[in-house]
Amino acid sequence: MEQKDKYIRFDWAIKRLLRNKANFGVLEGFLTVLLGEKIQIMEILESEGNQQREDDKFNRVDIKARNSKDEIILVEVQNTRELYYLERILYGVAKAIAEHIDLGGIYANVKKVYSISILYFDIGQGNDYLYHGQNTFLGVHTGDCLKVTTKEQGAIIRKLPAEIFPEYFLIRVNEFNKVAVTPLEEWIEYLKTGTIRPDTTTPGLEEARQKLIYYNMNKADKLAYDRHLDALMIQNDVLNTAKLEGLEEGRVEGREEGIMVGRQEEKIATARNLKSLNIPIAVIVQATGLSIDEIDRL
């Protein structure tokens, strides 16, 4: 029983397990808790982003799913910092909308998209671990919410723009530092620590306790999973060390130009260490912001 306290990380589960229809309950539970309504996954849709690649442990891991309401749900796990992350998720949502309306189709067929990002890096300043973005149209002078009139099946229906436009959820996992009380907090606790309470009744986590047990994997999968964790640990250690070195150099200089040099040295140190680990150039560019030419010269 003691061994069964070790559970597979969610990003690995997304890649290997949660695309299996028999395991939809885990993802459905997570989405139900996050979105506040019962979610049923009908199918996992293939896209460029959720294909497995040799370097996917350093990039986003995502699922593109269609629910019972014919809406599109994108779930991403991002392990490393990306300079233009918000721009990319905006593009991803726009692409998903375009992919699911036929050429020449009517706009009534546009699907609502939920974009959910599980982030293990600091995306910016903020005190919360969960941020939600949603489109609303407010009266500039009155402050009232605009409702749009549409016609469906012969009936006039009033909709809020939020029922049509995409919704964005940013989960800053590393910012969660509290005792989990609510079902959502239990989920964030699992995302951060990999622990699941033995008496949990939280949707999805009950299924996870049965299906995401590390010791139930075969030897080959365990080896691949352990290598995945080692790679993430090495990567995070390299990035954190380079960041500290860069900041320290900036402090010693004590001037604005010293801070700029420190930041550049941080990027160079990070790139040099990642390059020594044979990390793909595209990943190094993404993590440091250096150009391909700058990295090639190291």
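The legends below describe close-up views of a predicted model. Local features need pLDDT of at least 70 and side-chain atom pairs count only at pLDDT 80 or more, while totals for chains, interfaces and linings use all residues. Residues are numbered from 1 along each chain as its sequence is written, and side-chain values use heavy atoms, with hydrogens and water left out.

**View 1. The largest nonpolar core has 45 residues.** A nonpolar core is a set of buried Ala, Val, Leu, Ile, Met, Phe, Trp, Tyr and Cys residues joined through side-chain atoms within 4.5 Å. Buried means under 20% relative accessible area (1.4 Å probe, protein chains only). F10, F30, I118 and L191 have the most contacts inside this core. Among the elements that give two or more residues to the core are α1 (10–16), β4 (113–119) and α4 (183–193). The largest share, eight residues, comes from α2. Helices (H or I, at least four residues) and strands (E, at least two) are DSSP runs, numbered from the N terminus.

**View 2. The surroundings of L191.** Leaving aside neighbours within four places in sequence, L191 is in contact (heavy atoms within 4.5 Å) with F10, F30, I118, Y120 and V173.

**View 3. A second, separate core has twelve residues.** Its members include L45, I72, L74 and V93. L45 is found in strand β1 (residues 41–45). With a relative accessible area of 13%, L45 is buried. L45 and A65 are 20 residues apart in sequence, yet their C-alpha atoms are 5.4 Å apart in space.

**View 4. S115 in strand β4.** S115 counts as buried because its relative accessibility is 5%. Beyond its neighbours within four places in sequence, S115 is in contact with L74, I89, V93, E167, Y168 and F169.

Terms used: Buried < 20%, exposed > 50% of the residue type's maximum accessible area, 1.4 Å probe, protein only.
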